[in-house]
Amino acid sequence: METRSSSSTLWAGDDMTDTDTMIDDARALDAPLHIGGVEFVSRLIVGTGKYETNEIMVDAIRASGAEMVTVAVRRVDLDRTKEEAILHHLDPDEFFLLANTAGCYNAEDAIRYARLARAAGFNEFVKLEVIGDERTLLPDVHATLEAAKTLAGEGFKVMAYTNDDLITALRLEDAGCVAVMPLASPIGSGLGVVNPYFIREIKSRLEVPVIVDAGVGTASDACITMEQGVDGVLMNTALAAADDPIRMSHAMKHAIIAGRLAYLAGRMPSREIAVPSSPTEGMLD
Amino acid sequence: MPHDTTIEIQLNGKARTLDRAHTVTSLLEALELHPGMVVVELNREILQRDSYNATDVTHGDTIELVHFVGGG
């Protein structure tokens, strides 16, 4: 079993803060997350897109506690390379890079982007994303499944972005995906989990980790998502488009841990009439 | 330089004329790109980094240079 580098800031002992203590709680009260043979303490995966500056991005990611971060594959802009290359700003020894196939609208393109990403030499993981519709950015699940089969056959560790559809999720698992990632709601929408029942059903039926990818808007959305019992959440816009991305990243870290621990703790039954918390005996006459 | 050594290529979607012979390594140097920071696709085939030195850029090649950028 591969484990994350001990040089990760998550494990730093010298500069413990309140939020590091919170991470310690998660480590003591929860098992690590295993995806494709790699172990993660944080159940939050974050994107690197749409930040105002690279400095804010790096600070926000550190504040989120995320170990796995997504990146996109694009042509080098030969006029201004230093600015946009993310590896000038993100240390691949500090973060586990998860390249995506964002922007691809068919299986062939997604496979091409995945191969290019792997050739960068960091790992064999890919966030497979094949979009079927520009307005909703909903996934083309047929093309996703086709690409997943090919890539898994080539030894990729495929984490597949998909709809909140159980049958597709099962097929993606059968195709060899190391994680299945149903959406909470459309990419960048911030609507939160629109169908918690479907998310719970997918989680209950799959063996591989279920990571909810896309649609989380704020901390309560992340918490409610984790309370469904899923293994993790992937988000980008909720952090990058917050007024204060670094503060929101702290909030999300707490929300993910809170939702996870609440799920593990098992909530009390809800009821529609009150039940007193204090004894009804022993009242004065 | 004689005209017949001119090498025209498609580089990241744009026509480029190279004024001298290049290997992939020397092309990346000319573009001030660190080989470890990019992936090279030559005529739709991904090139392994250890073959950059031995791979000549030839007239009519289509080259894509890609790297990681911010994304979700």
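User: How many residues of chain A are in contact with chain B, and how many of chain B with chain A?
Analyst: Bear in mind that this is a predicted model. In it, 27 residues of chain A are in contact with 18 residues of chain B.

User: Which elements of chain A give two or more residues to that side?
Analyst: They are β4 (68–75), α3 (81–84), β5 (96–100) and α4 (107–119) of chain A. β4(A) gives the most, with six residues.

User: And how do the residues on chain A's side divide into nonpolar, polar and charged?
Analyst: The side of chain A that touches chain B has 15 nonpolar, eight polar and four charged residues.

User: Back to β4(A). What sense does its pairing with strand β7 of chain B have, parallel or antiparallel?
Analyst: Antiparallel: β4(A) and β7(B), residues 62–70 of chain B, pair over five bridges. To find your way on screen, A:Val71 has B:Gly70 as its bridge partner, and A:Ala72 has B:Val69.

User: OK, and within chain A, how does β4(A) run relative to β5(A)?
Analyst: Those two run parallel, joined by four bridges. Look for A:Thr70, which stands opposite A:Leu98 in β5(A).

User: Why would you call β4(A) largely enclosed by the rest of the structure?
Analyst: Because seven of the eight residues of β4(A) are buried.

User: Let me jump to B:Val66. Which element is it in, and is it buried or exposed?
Analyst: B:Val66 is in strand β7 of chain B. It counts as buried because it has 22 other C-beta atoms within 10 Å, and the cut-off for buried is 20 or more.

User: What does B:Val66 touch?
Analyst: Leaving out residues up to four places away in sequence, B:Val66 touches A:Val73, A:Arg74, A:Arg75, A:Val76 and A:Leu116 from chain A, plus B:Val38, B:Val39 and B:Glu41 from chain B.

User: How far is B:Val66 from B:Leu31?
Analyst: Their C-alpha atoms are separated by 13 Å, and the two residues are 35 apart along the chain.

User: Zooming out to chain B as a whole: how many helices and strands are there, and in what order do they run?
Analyst: Chain B has one helix and seven strands. Starting at the N terminus, the order is β-β-β-α-β-β-β-β. The C-alpha trace spans about 45 × 25 × 20 Å along its principal axes.

User: What share of chain B counts as buried?
Analyst: 19% of its 72 residues. On contacts, if you take those in chain B with a separation of 6 or more, 54% are between residues 24 or more positions apart.

User: What do β1 and β2 of chain B form?
Analyst: A hairpin with two residues between the strands. β1(B), residues 7–11, and β2(B), residues 14–18, run antiparallel and are joined by five bridges. B:Ile9 has B:Arg16 as its bridge partner. In the turn, B:Asn12 has a positive phi of about 50 degrees.

User: How does β1(B) run relative to β7(B)?
Analyst: Parallel, with two bridges joining them.

User: Switching to helices in chain A. At what angle do α5 and α6 pack?
Analyst: About 10 degrees, with the axes 9 Å apart. Angles under 35 degrees count as roughly parallel, and these two helices are therefore roughly parallel to each other.

User: Which residues meet there?
Analyst: A:Val141, A:Leu145 and A:Ala148 in α5(A) meet A:Thr168, A:Arg171 and A:Leu172 in α6(A). By class, that contact has four nonpolar, one polar and one charged residues.

User: Which residues of α6(A) are buried, and what do they pack against?
Analyst: The buried ones are A:Thr168, A:Ala169, A:Arg171, A:Leu172 and A:Glu173. They pack against α5, β7 (157–162), β8 (179–182) and α7 (196–205) of chain A. Just after α6(A), A:Gly176 takes a positive phi of about 105 degrees.

User: Last one: what's the mean pLDDT of chain A, and where is it below 50?
Analyst: The mean is 91, and 91% of the residues of chain A reach 70 or more. The pLDDT is below 50 over residues 5–16 of chain A, a stretch with 13 contacts in the model beyond near neighbours in sequence.

Technical notes. Residues are numbered from 1 along each chain as its sequence is written. Chains are lettered from A and ligands numbered from 1 in the order in which they are written. This is a predicted model: local features need pLDDT of at least 70, side-chain atom pairs count only at pLDDT 80 or more; totals for chains, interfaces and linings use all residues. Axes are lines fitted to C-alpha atoms, for helices over the stretch in contact, and angles run from 0 to 180 degrees between N-to-C directions. Angles under 35 degrees count as roughly parallel, over 145 as roughly antiparallel, 65 to 115 as roughly perpendicular and the rest as oblique. Two residues are in contact if their C-beta atoms, placed from the backbone, lie within 7 Å. Ala, Val, Leu, Ile, Met, Phe, Trp, Tyr, Cys and Pro count as nonpolar, Asp, Glu, Lys and Arg as charged, and the others, Gly among them, as polar. Two strands pair if DSSP finds at least two bridges between them. A residue is buried if 20 or more other C-beta atoms lie within 10 Å of its own, exposed if 12 or fewer, and partly exposed in between; C-beta atoms are placed from the backbone. pLDDT is the predictor's confidence in each residue, from 0 to 100.
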